[in-house]
Amino acid sequence: MAGRTVRVGGLPADLPPDRVADKLTIHFLRSRNGGGEITDVQVLAGPQACALITFEALEVAQRILKAKNHVLSIGGKKYPLEVTAHVVELSPDEVARSRRLLP
């Protein structure tokens, strides 16, 4: 899964998360947006709502990150999206465990 997940910010706060997930899926499946097959979409609610979108292929995630000006259109409104690489932060325990596995 490493590298295949992107973080999407700038989501509409006034819509239900399942509707936002559907619209994001449609947007990022389209080849004209640089998209491709998606394995998972998670909308994380909160004051800084965002979505984590995981693509089947690493190349698709890379294309999405290179593309500029992703705009989500819903009901006549346009929402500029902020697309960045999703970085997983390890806890100190996970870091220590991974160091013990190294030769």
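What follows is a chat about the fold, the salt bridge and the core of a predicted model.

Student: What should I know about the model before I start?
Tutor: It's predicted, so local features need pLDDT of at least 70 and side-chain atom pairs count only at pLDDT 80 or more, while totals for chains, interfaces and linings use all residues. Residues are numbered from 1 along each chain as its sequence is written, and side-chain values use heavy atoms, with hydrogens and water left out.

Student: OK, how many helices and strands are there in the protein chain?
Tutor: Three helices and six strands. Those are DSSP runs numbered from the N terminus (helices are H or I, at least four residues; strands are E, at least two). Going from the N terminus, the order is β-α-β-β-α-β-β-β-α.

Student: What order do the strands of the open sheet have?
Tutor: The order is 2-3-1-6, with antiparallel pairing. Two strands pair if DSSP finds at least two bridges between them.

Student: Which strands stand at the edges?
Tutor: Strand 2 (38-44) and strand 6 (82-85). Each has a single partner strand, so one side of each is left without a neighbour in the sheet. On average, neighbouring strands here are turned by 20° against each other, direction ignored.

Student: And what packs on the sheet?
Tutor: Helix 1 (residues 17-29) does, touching strand 1 (5-9), strand 2, strand 3 and strand 6. Helix 2 (residues 58-66) packs on the sheet as well, touching strand 1, strand 3 and strand 6. Helix 1 makes about 140° with the direction of strand 2, and helix 2 about 135° with that of strand 6. For those angles, axes are lines fitted to C-alpha atoms (for helices, over the stretch in contact), and values run from 0 to 180 degrees between N-to-C directions.

Student: How many bridges join strand 2 to strand 3?
Tutor: Six, and the two strands run antiparallel. One of the pairs is L44 with C50 in strand 3. G46 sits in the loop between strand 2 and strand 3.

Student: Switching topic: which side chains meet in a salt bridge?
Tutor: K77 and D14, at 3.8 Å, N to O. The structure holds one salt bridge, defined as a side-chain nitrogen of Lys or Arg within 4 Å of a carboxyl oxygen of Asp or Glu. The pair links distant parts of the chain, with K77 in strand 5 (residues 77-80) and D14 in the loop between strand 1 and helix 1.

Student: How exposed are K77 and D14?
Tutor: K77 is partly exposed at 46% relative accessibility, and D14 is exposed at 53%.

Student: What does K77 pair with in the strands?
Tutor: K77 is the bridge partner of I74. Strand 4 and strand 5 form a hairpin with two residues between them, and G75 in the turn has a positive phi of about 55°.

Student: Last one: which residues touch the most other members of the largest nonpolar core?
Tutor: V6, V8, L24, F28, I53, F55 and L81, out of 19 residues. Such a core is a set of buried Ala, Val, Leu, Ile, Met, Phe, Trp, Tyr and Cys residues joined through side-chain atoms within 4.5 Å.

Student: What does L81 contact?
Tutor: Leaving aside neighbours within four places in sequence, the contacts of L81 include V8, L24, F28 and L72. Contact means heavy atoms within 4.5 Å.

Note on methods. Buried < 20%, exposed > 50% of the residue type's maximum accessible area, 1.4 Å probe, protein only.
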